[in-house]
Amino acid sequence: MTATKGLEGIVATQSAISSIIDDTLTYVGYDIDDLADNASFEEVVYLLWHQRLPKADELAELKQQLADNMSVPQPVLDHFKNYPISEVHPMAALRTAISLLGLYDENAEDMSDEANYEKAIKLQAKVATIVTAFSRIRKGLEPVAPKKEFGYAANFLYMLTGEVPEEVAIEAFDKALVLHADHELNASTFTARVCVATLSDMYSGITAAIGALKGPLHGGANEQVMKMLMEIGDEENVESYIKEKLANRERIMGFGHRVYRKGDPRAKHLRKMSKKLTALRGEEKWYNMSEKIEAIVTGEKNIPPNVDFYSASVYHSLDIDHDLFTPIFAVSRISGWAAHILEQYANNRLIRPRAEYTGPNMQKYVPINER
Ligand code: SDX
(Lines give C-alpha, C1' and ligand atoms only; values in the text may rest on other atoms or scores of the structure.)
Protein backbone atom coordinates (compact mmCIF):
# COMPACT_ATOMS: atom_id res chain seq x y z
CA MET A 1 0.00 0.00 0.00
CA THR A 2 1.57 3.31 -1.13
CA ALA A 3 0.02 6.62 -0.04
CA THR A 4 -0.83 9.33 -2.59
CA LYS A 5 0.01 12.63 -0.86
CA GLY A 6 -3.02 14.88 -0.72
CA LEU A 7 -5.01 12.22 -2.60
CA GLU A 8 -3.82 14.03 -5.75
CA GLY A 9 -5.58 12.59 -8.80
CA ILE A 10 -7.50 10.01 -6.73
CA VAL A 11 -11.13 9.57 -7.86
CA ALA A 12 -12.93 9.12 -4.54
CA THR A 13 -16.58 9.05 -5.59
CA GLN A 14 -19.08 9.43 -8.42
CA SER A 15 -21.13 12.63 -8.54
CA ALA A 16 -23.63 14.23 -10.93
CA ILE A 17 -23.43 17.70 -9.42
CA SER A 18 -20.41 19.47 -10.92
CA SER A 19 -17.45 18.49 -13.07
CA ILE A 20 -14.01 19.89 -13.90
CA ILE A 21 -12.74 18.34 -17.12
CA ASP A 22 -9.86 19.90 -19.14
CA ASP A 23 -10.17 23.12 -17.15
CA THR A 24 -13.90 23.41 -17.97
CA LEU A 25 -16.24 23.72 -14.97
CA THR A 26 -19.90 22.71 -15.31
CA TYR A 27 -22.77 22.53 -12.81
CA VAL A 28 -24.99 19.58 -13.91
CA GLY A 29 -23.56 19.93 -17.42
CA TYR A 30 -24.12 23.70 -17.73
CA ASP A 31 -20.84 25.54 -18.43
CA ILE A 32 -19.93 28.03 -15.67
CA ASP A 33 -19.53 30.76 -18.32
CA ASP A 34 -23.15 30.20 -19.42
CA LEU A 35 -24.42 30.24 -15.84
CA ALA A 36 -22.30 33.24 -14.78
CA ASP A 37 -23.67 35.27 -17.72
CA ASN A 38 -27.31 34.18 -17.43
CA ALA A 39 -28.35 32.49 -14.16
CA SER A 40 -29.23 33.98 -10.77
CA PHE A 41 -27.81 32.41 -7.61
CA GLU A 42 -31.27 31.06 -6.70
CA GLU A 43 -31.51 29.33 -10.10
CA VAL A 44 -28.11 27.74 -9.46
CA VAL A 45 -29.17 26.60 -5.98
CA TYR A 46 -32.23 24.92 -7.51
CA LEU A 47 -30.06 23.38 -10.27
CA LEU A 48 -27.59 21.92 -7.77
CA TRP A 49 -30.35 20.53 -5.53
CA HIS A 50 -32.71 19.22 -8.26
CA GLN A 51 -30.32 18.43 -11.14
CA ARG A 52 -32.25 20.77 -13.52
CA LEU A 53 -33.01 24.47 -13.93
CA PRO A 54 -36.28 25.58 -12.28
CA LYS A 55 -39.46 26.65 -14.05
CA ALA A 56 -40.74 30.10 -13.10
CA ASP A 57 -43.12 28.84 -10.40
CA GLU A 58 -40.45 26.53 -8.94
CA LEU A 59 -37.96 29.40 -8.75
CA ALA A 60 -40.56 31.62 -7.10
CA GLU A 61 -41.26 28.87 -4.54
CA LEU A 62 -37.54 28.47 -3.72
CA LYS A 63 -37.13 32.24 -3.33
CA GLN A 64 -40.15 32.29 -1.00
CA GLN A 65 -38.79 29.37 1.04
CA LEU A 66 -35.43 31.12 1.42
CA ALA A 67 -37.09 34.42 2.39
CA ASP A 68 -39.38 32.63 4.88
CA ASN A 69 -36.39 30.93 6.57
CA MET A 70 -33.92 33.80 6.88
CA SER A 71 -34.68 34.57 10.51
CA VAL A 72 -32.27 33.07 13.05
CA PRO A 73 -33.18 31.95 16.62
CA GLN A 74 -32.35 34.85 18.98
CA PRO A 75 -30.09 32.67 21.20
CA VAL A 76 -27.84 32.06 18.17
CA LEU A 77 -27.45 35.81 17.64
CA ASP A 78 -27.15 36.43 21.39
CA HIS A 79 -24.29 33.93 21.47
CA PHE A 80 -22.16 36.43 19.50
CA LYS A 81 -22.16 38.54 22.67
CA ASN A 82 -20.90 35.67 24.87
CA TYR A 83 -17.33 35.78 23.56
CA PRO A 84 -14.80 38.49 22.56
CA ILE A 85 -16.49 38.95 19.17
CA SER A 86 -13.98 41.50 17.87
CA GLU A 87 -11.13 39.05 18.50
CA VAL A 88 -12.46 35.87 16.86
CA HIS A 89 -12.14 35.13 13.18
CA PRO A 90 -15.53 35.33 11.41
CA MET A 91 -15.03 31.80 10.03
CA ALA A 92 -14.64 30.46 13.58
CA ALA A 93 -17.75 32.42 14.58
CA LEU A 94 -19.64 31.03 11.55
CA ARG A 95 -18.52 27.46 12.29
CA THR A 96 -19.82 27.85 15.86
CA ALA A 97 -23.06 29.57 14.89
CA ILE A 98 -24.00 26.88 12.32
CA SER A 99 -23.32 24.19 14.91
CA LEU A 100 -25.44 26.08 17.45
CA LEU A 101 -28.20 26.53 14.86
CA GLY A 102 -28.63 22.75 14.77
CA LEU A 103 -29.52 22.72 18.46
CA TYR A 104 -32.60 24.87 17.73
CA ASP A 105 -33.87 22.71 14.85
CA GLU A 106 -36.20 20.05 16.21
CA ASN A 107 -35.69 18.11 12.97
CA ALA A 108 -31.87 18.24 13.11
CA GLU A 109 -31.64 14.45 13.61
CA ASP A 110 -34.50 13.57 11.24
CA MET A 111 -32.82 11.79 8.31
CA SER A 112 -35.88 11.63 6.02
CA ASP A 113 -35.48 13.13 2.52
CA GLU A 114 -38.05 15.84 3.33
CA ALA A 115 -36.31 16.85 6.57
CA ASN A 116 -32.88 16.89 4.90
CA TYR A 117 -34.14 19.06 2.04
CA GLU A 118 -35.74 21.40 4.57
CA LYS A 119 -32.43 21.62 6.44
CA ALA A 120 -30.70 22.60 3.17
CA ILE A 121 -33.21 25.44 2.74
CA LYS A 122 -32.83 26.55 6.38
CA LEU A 123 -29.02 26.51 6.27
CA GLN A 124 -28.85 28.36 2.94
CA ALA A 125 -31.32 30.97 4.17
CA LYS A 126 -29.91 31.46 7.66
CA VAL A 127 -26.21 31.58 6.75
CA ALA A 128 -26.74 34.99 5.12
CA THR A 129 -28.38 36.32 8.28
CA ILE A 130 -25.69 34.84 10.52
CA VAL A 131 -22.78 36.38 8.57
CA THR A 132 -24.40 39.82 8.26
CA ALA A 133 -25.65 39.87 11.85
CA PHE A 134 -22.17 38.90 13.10
CA SER A 135 -20.68 41.75 11.09
CA ARG A 136 -23.12 44.30 12.53
CA ILE A 137 -23.08 43.05 16.15
CA ARG A 138 -19.27 43.24 16.31
CA LYS A 139 -19.59 46.91 15.26
CA GLY A 140 -22.15 47.52 17.99
CA LEU A 141 -24.98 47.71 15.46
CA GLU A 142 -28.30 45.87 15.51
CA PRO A 143 -28.90 43.15 12.89
CA VAL A 144 -31.08 44.21 9.94
CA ALA A 145 -34.07 42.02 9.02
CA PRO A 146 -34.29 40.89 5.37
CA LYS A 147 -36.87 42.38 3.00
CA LYS A 148 -39.31 39.74 1.68
CA GLU A 149 -39.30 41.33 -1.76
CA PHE A 150 -35.50 41.21 -2.17
CA GLY A 151 -33.58 38.37 -3.84
CA TYR A 152 -30.84 36.52 -1.98
CA ALA A 153 -27.89 38.67 -3.14
CA ALA A 154 -29.76 41.94 -2.54
CA ASN A 155 -30.85 40.80 0.91
CA PHE A 156 -27.30 39.85 1.90
CA LEU A 157 -25.98 43.31 0.99
CA TYR A 158 -29.01 45.00 2.58
CA MET A 159 -28.66 43.04 5.85
CA LEU A 160 -24.94 43.87 5.85
CA THR A 161 -25.22 47.64 5.43
CA GLY A 162 -28.82 48.49 6.30
CA GLU A 163 -29.04 50.36 2.99
CA VAL A 164 -30.78 49.35 -0.21
CA PRO A 165 -27.89 48.15 -2.43
CA GLU A 166 -27.23 49.58 -5.91
CA GLU A 167 -28.17 47.42 -8.89
CA VAL A 168 -24.52 47.14 -9.99
CA ALA A 169 -23.57 45.77 -6.55
CA ILE A 170 -26.44 43.27 -6.51
CA GLU A 171 -25.52 42.03 -9.99
CA ALA A 172 -21.84 41.63 -9.08
CA PHE A 173 -22.55 39.90 -5.77
CA ASP A 174 -25.10 37.56 -7.34
CA LYS A 175 -22.56 36.58 -10.03
CA ALA A 176 -19.88 36.00 -7.36
CA LEU A 177 -22.29 33.69 -5.52
CA VAL A 178 -22.93 31.76 -8.76
CA LEU A 179 -19.18 31.38 -9.35
CA HIS A 180 -18.48 30.04 -5.83
CA ALA A 181 -21.47 27.68 -5.49
CA ASP A 182 -19.88 24.31 -6.23
CA HIS A 183 -16.60 22.84 -7.37
CA GLU A 184 -16.55 19.03 -7.60
CA LEU A 185 -14.65 17.30 -4.79
CA ASN A 186 -12.73 20.25 -3.24
CA ALA A 187 -11.41 19.84 0.30
CA SER A 188 -14.45 21.26 2.12
CA THR A 189 -16.95 19.34 -0.02
CA PHE A 190 -14.99 16.12 0.49
CA THR A 191 -15.00 16.87 4.24
CA ALA A 192 -18.78 17.24 4.18
CA ARG A 193 -19.21 13.94 2.31
CA VAL A 194 -16.86 12.03 4.64
CA CYS A 195 -18.78 13.36 7.64
CA VAL A 196 -22.31 12.54 6.45
CA ALA A 197 -21.20 9.19 4.98
CA THR A 198 -21.21 7.98 8.62
CA LEU A 199 -24.93 8.95 8.51
CA SER A 200 -24.21 11.95 10.70
CA ASP A 201 -26.60 14.91 10.30
CA MET A 202 -26.43 17.84 7.85
CA TYR A 203 -25.53 20.41 10.55
CA SER A 204 -22.47 18.30 11.41
CA GLY A 205 -21.54 17.98 7.73
CA ILE A 206 -21.81 21.72 7.05
CA THR A 207 -19.96 22.60 10.29
CA ALA A 208 -17.12 20.26 9.25
CA ALA A 209 -17.02 21.79 5.76
CA ILE A 210 -16.77 25.32 7.18
CA GLY A 211 -13.80 24.17 9.24
CA ALA A 212 -12.07 22.91 6.09
CA LEU A 213 -12.90 25.98 3.98
CA LYS A 214 -11.38 28.27 6.67
CA GLY A 215 -7.80 27.33 5.80
CA PRO A 216 -5.66 29.72 3.66
CA LEU A 217 -4.86 26.97 1.16
CA HIS A 218 -8.59 26.73 0.39
CA GLY A 219 -11.31 29.33 1.02
CA GLY A 220 -9.15 31.48 3.29
CA ALA A 221 -7.01 32.58 0.31
CA ASN A 222 -9.28 35.48 -0.75
CA GLU A 223 -8.75 37.32 2.54
CA GLN A 224 -4.98 36.71 2.24
CA VAL A 225 -5.00 38.19 -1.29
CA MET A 226 -6.48 41.45 0.03
CA LYS A 227 -3.96 41.43 2.89
CA MET A 228 -1.19 41.12 0.29
CA LEU A 229 -2.61 43.97 -1.84
CA MET A 230 -2.79 46.19 1.27
CA GLU A 231 0.81 45.25 2.21
CA ILE A 232 2.04 46.11 -1.31
CA GLY A 233 0.12 49.39 -1.10
CA ASP A 234 0.69 50.75 -4.60
CA GLU A 235 1.42 49.70 -8.18
CA GLU A 236 5.08 50.72 -8.07
CA ASN A 237 5.77 48.26 -5.23
CA VAL A 238 4.27 45.24 -6.98
CA GLU A 239 7.30 43.99 -8.87
CA SER A 240 9.80 44.06 -6.00
CA TYR A 241 7.28 42.59 -3.53
CA ILE A 242 6.22 39.67 -5.73
CA LYS A 243 9.71 38.90 -7.02
CA GLU A 244 11.01 38.74 -3.45
CA LYS A 245 8.20 36.36 -2.45
CA LEU A 246 8.90 34.13 -5.43
CA ALA A 247 12.66 34.24 -4.77
CA ASN A 248 11.90 33.04 -1.22
CA ARG A 249 9.75 30.26 -2.77
CA GLU A 250 6.69 31.63 -0.92
CA ARG A 251 3.14 30.93 -2.13
CA ILE A 252 1.33 33.84 -3.77
CA MET A 253 -2.22 33.64 -2.45
CA GLY A 254 -4.89 33.42 -5.15
CA PHE A 255 -2.68 31.53 -7.57
CA GLY A 256 -2.44 27.87 -8.44
CA HIS A 257 -4.89 25.02 -8.20
CA ARG A 258 -4.77 21.28 -7.57
CA VAL A 259 -6.91 20.53 -10.61
CA TYR A 260 -6.73 23.42 -13.10
CA ARG A 261 -3.62 23.58 -15.24
CA LYS A 262 -4.29 26.19 -17.94
CA GLY A 263 -6.41 28.35 -15.62
CA ASP A 264 -9.48 28.63 -13.40
CA PRO A 265 -12.43 29.56 -15.69
CA ARG A 266 -14.03 31.54 -12.85
CA ALA A 267 -11.11 33.98 -12.63
CA LYS A 268 -11.90 35.79 -15.90
CA HIS A 269 -15.41 36.70 -14.69
CA LEU A 270 -14.03 38.05 -11.41
CA ARG A 271 -11.24 39.91 -13.24
CA LYS A 272 -13.88 41.67 -15.36
CA MET A 273 -15.92 42.50 -12.25
CA SER A 274 -12.84 43.79 -10.44
CA LYS A 275 -11.97 46.11 -13.36
CA LYS A 276 -15.53 47.48 -13.44
CA LEU A 277 -16.12 47.87 -9.71
CA THR A 278 -12.70 49.33 -8.83
CA ALA A 279 -13.19 51.92 -11.61
CA LEU A 280 -16.69 52.75 -10.33
CA ARG A 281 -15.18 53.40 -6.89
CA GLY A 282 -12.28 55.39 -8.31
CA GLU A 283 -9.83 52.84 -6.85
CA GLU A 284 -8.44 51.33 -10.05
CA LYS A 285 -5.13 50.70 -8.27
CA TRP A 286 -6.42 47.46 -6.73
CA TYR A 287 -7.26 46.10 -10.18
CA ASN A 288 -4.07 47.47 -11.77
CA MET A 289 -1.94 45.95 -8.99
CA SER A 290 -3.76 42.63 -9.40
CA GLU A 291 -3.16 42.64 -13.16
CA LYS A 292 0.57 43.33 -12.58
CA ILE A 293 0.80 40.51 -10.04
CA GLU A 294 -0.92 38.15 -12.47
CA ALA A 295 1.53 39.08 -15.23
CA ILE A 296 4.56 38.41 -13.01
CA VAL A 297 3.33 35.15 -11.43
CA THR A 298 2.11 33.65 -14.69
CA GLY A 299 5.26 34.91 -16.43
CA GLU A 300 7.74 33.60 -13.85
CA LYS A 301 5.95 30.48 -12.58
CA ASN A 302 3.34 29.80 -15.27
CA ILE A 303 0.78 29.52 -12.41
CA PRO A 304 -2.56 31.19 -13.27
CA PRO A 305 -4.91 32.94 -10.83
CA ASN A 306 -7.71 30.98 -9.18
CA VAL A 307 -11.18 32.04 -8.02
CA ASP A 308 -9.77 33.75 -4.92
CA PHE A 309 -7.43 36.21 -6.63
CA TYR A 310 -9.75 38.79 -8.21
CA SER A 311 -12.63 38.11 -5.80
CA ALA A 312 -10.59 40.02 -3.21
CA SER A 313 -10.71 43.36 -5.08
CA VAL A 314 -14.34 42.69 -6.06
CA TYR A 315 -15.47 42.26 -2.44
CA HIS A 316 -13.27 45.18 -1.31
CA SER A 317 -14.98 47.35 -3.93
CA LEU A 318 -18.35 46.29 -2.50
CA ASP A 319 -17.18 47.70 0.86
CA ILE A 320 -17.11 44.27 2.51
CA ASP A 321 -14.76 43.80 5.50
CA HIS A 322 -11.77 41.74 4.41
CA ASP A 323 -12.21 39.05 7.08
CA LEU A 324 -15.74 38.45 5.76
CA PHE A 325 -14.46 37.33 2.34
CA THR A 326 -14.19 33.67 3.35
CA PRO A 327 -17.54 33.61 5.18
CA ILE A 328 -19.03 34.92 1.91
CA PHE A 329 -17.37 32.01 0.11
CA ALA A 330 -19.17 29.76 2.64
CA VAL A 331 -22.51 31.57 2.06
CA SER A 332 -22.33 30.53 -1.58
CA ARG A 333 -20.71 27.10 -1.11
CA ILE A 334 -23.38 25.93 1.36
CA SER A 335 -25.51 25.36 -1.76
CA GLY A 336 -22.88 22.98 -3.18
CA TRP A 337 -22.16 21.32 0.16
CA ALA A 338 -25.88 20.65 0.69
CA ALA A 339 -26.18 19.20 -2.83
CA HIS A 340 -23.27 16.82 -2.18
CA ILE A 341 -24.66 15.85 1.24
CA LEU A 342 -28.07 15.01 -0.29
CA GLU A 343 -26.31 13.04 -3.05
CA GLN A 344 -24.18 11.16 -0.50
CA TYR A 345 -27.25 10.24 1.57
CA ALA A 346 -29.07 9.00 -1.55
CA ASN A 347 -26.39 6.45 -2.42
CA ASN A 348 -24.27 6.13 0.65
CA ARG A 349 -21.28 3.99 1.56
CA LEU A 350 -19.03 4.78 4.55
CA ILE A 351 -15.91 6.62 3.29
CA ARG A 352 -12.93 4.87 4.88
CA PRO A 353 -9.64 4.85 2.90
CA ARG A 354 -6.41 3.15 4.08
CA ALA A 355 -3.07 4.51 5.35
CA GLU A 356 0.40 3.34 4.35
CA TYR A 357 1.93 2.52 7.75
CA THR A 358 5.44 3.99 8.20
CA GLY A 359 5.82 3.61 12.01
CA PRO A 360 7.85 0.99 13.97
CA ASN A 361 6.74 -2.66 13.99
CA MET A 362 6.37 -5.43 16.59
CA GLN A 363 7.30 -3.43 19.71
CA LYS A 364 7.17 -5.23 23.10
CA TYR A 365 5.73 -3.51 26.20
CA VAL A 366 8.42 -2.45 28.74
CA PRO A 367 7.43 -1.78 32.34
CA ILE A 368 7.73 1.87 33.22
CA ASN A 369 10.55 1.39 35.76
CA GLU A 370 12.64 -0.22 33.01
CA ARG A 371 12.20 2.57 30.39
C1 SDX B 1 -9.68 27.17 -3.67
O2 SDX B 1 -9.91 22.46 -4.84
C3 SDX B 1 -10.75 23.37 -5.16
O4 SDX B 1 -11.56 23.20 -6.06
C5 SDX B 1 -10.67 24.63 -4.33
C6 SDX B 1 -11.42 25.82 -4.88
C7 SDX B 1 -12.92 25.63 -4.80
O8 SDX B 1 -13.65 26.30 -5.54
O9 SDX B 1 -13.38 24.88 -3.88
O10 SDX B 1 -11.04 26.08 -6.22
C11 SDX B 1 -11.12 27.08 -4.05
O12 SDX B 1 -9.31 26.70 -2.62
C13 SDX B 1 -8.70 27.78 -4.62
C14 SDX B 1 -7.22 27.72 -4.12
C15 SDX B 1 -7.03 28.82 -3.10
N16 SDX B 1 -5.70 28.71 -2.46
C17 SDX B 1 -4.70 29.57 -2.77
O18 SDX B 1 -4.80 30.46 -3.60
C19 SDX B 1 -3.44 29.35 -1.94
C20 SDX B 1 -2.21 29.42 -2.85
N21 SDX B 1 -2.23 28.28 -3.73
C22 SDX B 1 -1.40 27.15 -3.37
O23 SDX B 1 -1.20 26.94 -2.02
C24 SDX B 1 -1.65 25.92 -4.22
O25 SDX B 1 -1.67 26.32 -5.54
C26 SDX B 1 -2.87 25.06 -3.95
C27 SDX B 1 -3.01 24.73 -2.51
C28 SDX B 1 -4.10 25.76 -4.41
C29 SDX B 1 -2.72 23.79 -4.77
O30 SDX B 1 -1.62 23.15 -4.25
P31 SDX B 1 -1.06 21.77 -4.78
O32 SDX B 1 -1.91 21.18 -5.85
O33 SDX B 1 -0.79 20.93 -3.58
O34 SDX B 1 0.26 22.21 -5.51
P35 SDX B 1 1.70 22.19 -4.82
O36 SDX B 1 1.61 22.86 -3.49
O37 SDX B 1 2.20 20.79 -4.89
O38 SDX B 1 2.54 23.14 -5.79
C39 SDX B 1 3.04 22.63 -7.02
C40 SDX B 1 4.17 23.58 -7.39
C41 SDX B 1 5.12 23.85 -6.23
O42 SDX B 1 6.37 24.16 -6.81
P43 SDX B 1 7.61 23.23 -6.40
O44 SDX B 1 7.73 23.36 -4.88
O45 SDX B 1 7.21 21.81 -6.85
O46 SDX B 1 8.76 23.83 -7.18
O47 SDX B 1 3.62 24.88 -7.74
C48 SDX B 1 4.10 25.84 -6.81
C49 SDX B 1 4.60 25.08 -5.59
O50 SDX B 1 5.62 25.81 -4.92
N51 SDX B 1 2.96 26.66 -6.41
C52 SDX B 1 3.01 27.95 -6.13
C53 SDX B 1 1.70 28.33 -5.83
N54 SDX B 1 0.90 27.26 -5.92
C55 SDX B 1 1.69 26.23 -6.26
N56 SDX B 1 4.05 28.82 -6.10
C57 SDX B 1 3.76 30.10 -5.78
N58 SDX B 1 2.51 30.53 -5.49
C59 SDX B 1 1.47 29.67 -5.49
N60 SDX B 1 0.25 30.11 -5.19
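The second largest pocket lies between domain 1 (16-216 + 324-346) and domain 2 (221-317), because both give residues to its lining; the domain bounds come from an automatic or database domain assignment. This is a predicted model, in which local features need pLDDT of at least 70 and side-chain atom pairs count only at pLDDT 80 or more, while totals for chains, interfaces and linings use all residues. Residues are numbered from 1 along each chain as its sequence is written, and side-chain values use heavy atoms, with hydrogens and water left out.

A pocket here is an open set of points on a 1 Å grid over the protein atoms alone, with protein on both sides within 12 Å along at least five of seven lines; a cavity is a set where a 1.4 Å probe fits but cannot get out, and lining residues have an atom within 4 Å of a point. Points are joined across faces, edges and corners, and a volume is the space filled by probe spheres set on them.

The second largest pocket comes out at about 420 Å³. It is lined by 15 residues, and Glu 166, Ala 169, Ser 317, Leu 318 and Asp 319 sit closest to its centre. Sorted by class, that lining holds nine nonpolar, two polar and four charged residues (Ala, Val, Leu, Ile, Met, Phe, Trp, Tyr, Cys and Pro being nonpolar, Asp, Glu, Lys and Arg charged, and the others, Gly among them, polar). Helices are DSSP runs (H or I, at least four residues) numbered from the N terminus.

Helix 7 and helix 8 also pack against each other, at about 115° with axes 8 Å apart (axes are lines fitted to C-alpha atoms over the stretch in contact, and angles run from 0 to 180 degrees between N-to-C directions).

The largest cavity has a volume of about 40 Å³, and its lining has nine nonpolar residues, with no polar and no charged ones. Among them are Phe 80, Phe 134 and Leu 324. Helix 5 (90-103) and helix 6 (113-137) each supply at least two lining residues.
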